[in-house]
Structure formats: structure tokens, C-alpha cells
Amino acid sequence: MDLEIFFTVVKDKPVFLICNEAVAVFKEYNISRHFTSKHKNSNYEAMSEYERKQIVESLCKKLSGRQNFFKKGNTIQEAATHASYIVAYNIVKNNKALSDGEFVKQCMFQVCDVLCPDKKNDFQTVSLSRKTVTSRIEATDKNLTSQLESKIGQFKFCSIAMDESTDINDTAQLVLFIRGVDENFEITEELACMRSLKGTTKGCDIFREFQDGLLTLKVPITNICNITTDGAPNMTGKKSGFLGLFNQNYPGNNVVFLHCVIHQDALCKSALNMKPVLDAVVKLVNTIRSRGLTHRQFRDFLQSLQSEYSNVLYYTKVRWLSVGCVFERVWQLKDDIVSFFHEK
């Protein structure tokens with residue numbers, strides 16, 4: 001700061017403490033001319049050095065206070081925006097409705113009234129309307145996609161794992177996972193994309209969505225060294241399947257096609273004659289769970305024994321490796337099941 005002409009430097013610009021005006025050019029002539037033309041006849045010129053020092057310190061505190069006021073406002077607004085992003089992230093992570101943001105805000109107000117009533121205005125700045133939550137989720141998705149695209153651009157080699165299944169709305173979904181390594185041998189594994197198959201799920205449909213997914217993420221085909229699929233004909237068919245179409249469109253590629261480990265276990269199960277054991281176990285589970293009274297008594301029995309498990313599992317053909325889960329649970333509870341039926 002300068003005591004003679006009452007100016008200080010703010011962000012590399014001279015600012016006069018008397019009028020709070022900034023001079024465009026940081027030169028001694030421009031600064032002196034501003035003071036002479038606008039503040040020459042003021043009482044500041046006749047003050048002693050001590051009085052000037054006191055006035056300058058007072059004016060600097062006022063300027064700093066005004067700057068901190070706007071800075072504090074910006075800080076609160078940034079914190080409120082950050083908070084809305086956190087709430088939106090948790091809403092979508094837990095598969096909640098986008099309109100639940102308004103319910104969360106009501107809960108925040110009620111908690112604030114109890115714990116910190118003086119901070120209620122800060123909580124009001126957090127926008128959690130349905131429209132805001134939607135925009136926050138879309139912005140987060142764009143940011144994550146941008147980060148993934150940046151990492152993919154650094155991959156030297158990568159592999160793709162893909163699977164096609166049907167959701168609860170009977171819509172076929174194709175999921176692509178990507179795993180790559182860069183020149184520093186840092187490995188990145190992420191969900192690349194999920195594509196909906198509206199019509200048929202032939203090899204040509206899967207291959208088309210596969211190409212669109214890679215094009216969106218800008219994955220070079222030359223960097224792919226491995227593709228893992230299940231054993232379905234639309235995936236592994238050498239002519240009209242995904243494998244055949246890939247080799248036809250990209251001849252001379254060095255891609256190695258592998259079979260998914262989970263599906264390999266399923267294939268092993270189908271090769272074994274497990275029907276006698278499976279029928280007996282399913283009949284036992286159905287005997288326990290199909291009758292309401294027996295089921296309640298069995299759960300109470302396990303609870304009285306402080307068992308690690310509270311129930312047996314139903315068998316379903318839709319879920320992968322369901323047989324293994326059912327067998328394991330029955331085996332773990334075999335002694336308790338025998339004791340339960342002996343008591344009945």
C-alpha cells in the first residue's frame with residue numbers, strides 16, 4: 001500500500017482506497033494523475049503521516065471486509081452445489097426416485113431446526129428439485145464418461161467382457177466392461193456402457209450395438225486383445241454370430257475370444273447328472289417354505305439356536321449358480337434341519 005496517495009494492489013491492479021476505483025494501467029504516472037485529479041483538494045492531503053497510516057489501515061479493513069463478504073457468499077453457494085451433487089449421487093446409487101430429493105430437503109430442514117436453527121438459510125440454498133437432481137446426474141454421467149474416455153485414450157492394450165441378458169421389462173440389455181493397461185502398467189477396469197436391444201438379439205444386433213458402444217467411447221479396435229463372451233450361439237456363431245461378424249469386419253485381427261468363467265461353471269453344472277440330488281434338495285426346501293406355519297416355525301427354530309443363517313434359499317433357473325447357493329445353504333443347515341423335523 002502507498003500512504004502518500006492511498007492506493008493498494010488487488011489482483012495485480014492498483015485500487016484507490018478512497019473511492020475504490022481501479023486504474024487500468026499499473027504505472028506511477030497514471031496512479032499519481034488519478035489522485036491529483038480526483039482527490040487533490042480532499043482533507044487527506046493535509047493529514048500527517050500518522051493520520052494517513054491510521055486512515056489507510058481503516059480503509060484496507062473495509063475493503064477486505066467487502067471482499068470477504070462476496071467470497072463468503074460464493075463459498076456458501078459452492079458448498080450448496082456440492083451438497084446437491086452428493087444427494088443426487090446417493091439417490092441414483094440407491095435406485096431411488098428423482099423426486100426424493102425434495103423429501104430429503106424437508107428432512108434436512110427438520111434436522112436443522114433441532115441442531116442448528118441459525119444455519120437454516122444455508123440449507124435453503126441447496127436445490128434438490130426433480131429437475132435439479134436430473135441435471136446433476138446428467139452432469140455426473142458426462143464427467144465420468146469424459147474421465148473414462150481420457151483413460152481409454154492412454155490404453156496400450158485392452159480387453160472387453162460382454163454379456164446380453166433380459167431385464168424385468170423384458171428388454172434385452174447388452175453390457176460391455178472394459179479393462180485396459182497404459183504405458184505405466186496402470187490397470188483400469190470399468191463398466192463401459194449398457195446398450196438396449198429393442199428388437200431381436202441376433203448376432204448382427206449385438207455386433208451393431210458393440211460397434212456403437214466402442215465408437216462412443218473412442219476405443220481403437222487395434223488395441224483390443226481379448227473379448228470374453230458367454231456360450232450362446234448369437235455370440236459364438238462363426239458365420240452369423242458376433243464372433244463371425246467381428247472376424248469378417250476386422251480381418252487379420254489378433255483378438256483372442258474367451259468363454260466367461262461364470263458361464264464355464266454353468267456349463268460344468270449342465271454336464272453333471274445332478275437331477276437326483278437337486279430334486280431331493282428342492283423338495284426339502286419347498287416343504288419348509290411353501291407352508292406358512294412350517295416356514296415360521298423353522299425360522300423361529302433357527303433363531304432360538306442363534307444360527308448363522310435365518311432361512312433356506314429357493315432354487316431358480318434364471319439366476320446364475322443358483323443351484324450352488326441352494327446346496328451350500330442346505331449343507332450348512334443340515335444338522336438344524338434334521339433336528340427341526342425330529343422335533344415336529
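Glu209 counts as buried, because its relative accessibility is 11% (buried means under 20% relative accessible area, exposed over 50% and partly exposed in between, with a 1.4 Å probe and protein chains only). Its salt-bridge partner is Arg208, with the closest N and O atoms 3.9 Å apart; a salt bridge here is a side-chain nitrogen of Lys or Arg within 4 Å of a carboxyl oxygen of Asp or Glu. Through shared partners, salt bridges join Arg195, Asp205, Arg208, Glu209 and Asp212 into one network.

A word on conventions before the rest. This is a predicted model, in which local features need pLDDT of at least 70 and side-chain atom pairs count only at pLDDT 80 or more, while totals for chains, interfaces and linings use all residues. Residues are numbered from 1 along each chain as its sequence is written, and side-chain values use heavy atoms, with hydrogens and water left out.

**The chain overall**

- The secondary structure comes to 13 helices and seven strands; these are DSSP runs, numbered from the N terminus, with helices being H or I of at least four residues and strands being E of at least two.
- Of the 344 residues of the chain, 30% count as buried.
- Among contacts in the chain with a separation of 6 or more, 53% come from residues 24 or more positions apart, where contact means heavy atoms within 4.5 Å.

**Salt bridges**

- The structure holds seven salt bridges.
- Arg208, the partner of Glu209, is partly exposed at 39% relative accessibility.
- Asp212 and Arg195 also meet in a salt bridge through their side chains, at 3.9 Å from N to O.
- That pair links distant parts of the chain, with Asp212 in helix α6 (residues 203-217) and Arg195 in strand β5 (residues 187-197), 17 residues apart.
- Asp212 is partly exposed, with a relative accessible area of 30%, and Arg195 is also partly exposed, at 22%.
- Asp113 forms a salt bridge with Lys120, and their closest N and O atoms are 3.5 Å apart.
- Asp113 has a relative accessible area of 39% and is therefore partly exposed, while Lys120 is partly exposed at 29%.

**Helices α11 and α13**

- Helix α11 (residues 292-304) packs against helix α13 (residues 334-343) at an angle of about 120°, and their axes are 11 Å apart.
- For these values, axes are lines fitted to C-alpha atoms, for helices over the stretch in contact, and angles run from 0 to 180 degrees between N-to-C directions.
- The two helices are therefore oblique to each other; angles under 35 degrees count as roughly parallel, over 145 as roughly antiparallel, 65 to 115 as roughly perpendicular and the rest as oblique.
- The crossing of α11 past α13 is right-handed, a term used if the near helix is turned clockwise from the far one by less than a right angle, with anticlockwise giving left-handed.
- On the α11 side, the contact is made by Thr294, Gln297, Phe298, Phe301 and Leu302, and on the α13 side by Asp336, Ile337, Ser339, Phe340 and Glu343.
- These residues divide into five nonpolar, three polar and two charged; Ala, Val, Leu, Ile, Met, Phe, Trp, Tyr, Cys and Pro count as nonpolar, Asp, Glu, Lys and Arg as charged, and the others, Gly among them, as polar.

- Leu284 lies in helix α10 (residues 275-289) and is partly exposed, with a relative accessible area of 25%.
- Leaving aside residues up to four places away in sequence, Leu284 touches Val330, Ile337 and Phe341.
- The C-alpha atoms of Leu284 and Val312 are separated by 9.7 Å, and the two residues are 28 apart along the chain.
- Thr229 sits in strand β6 (residues 224-229) and counts as buried, because its relative accessibility is 4%.
- With residues up to four places away in sequence not counted, Thr229 touches Met162, Met235, Thr236, Leu258, His259 and Cys260.

**Positive phi values**

- Most residues other than glycine have a negative phi.
- Phe185 has a positive phi, near 60°, and lies in the loop between β4 (172-182) and β5.
- Phe185 is exposed, with a relative accessible area of 71%.
- Gln306 also has a positive phi, near 55°, and its place is the loop between α11 and α12 (322-332).
- At 74% relative accessibility, Gln306 is exposed.
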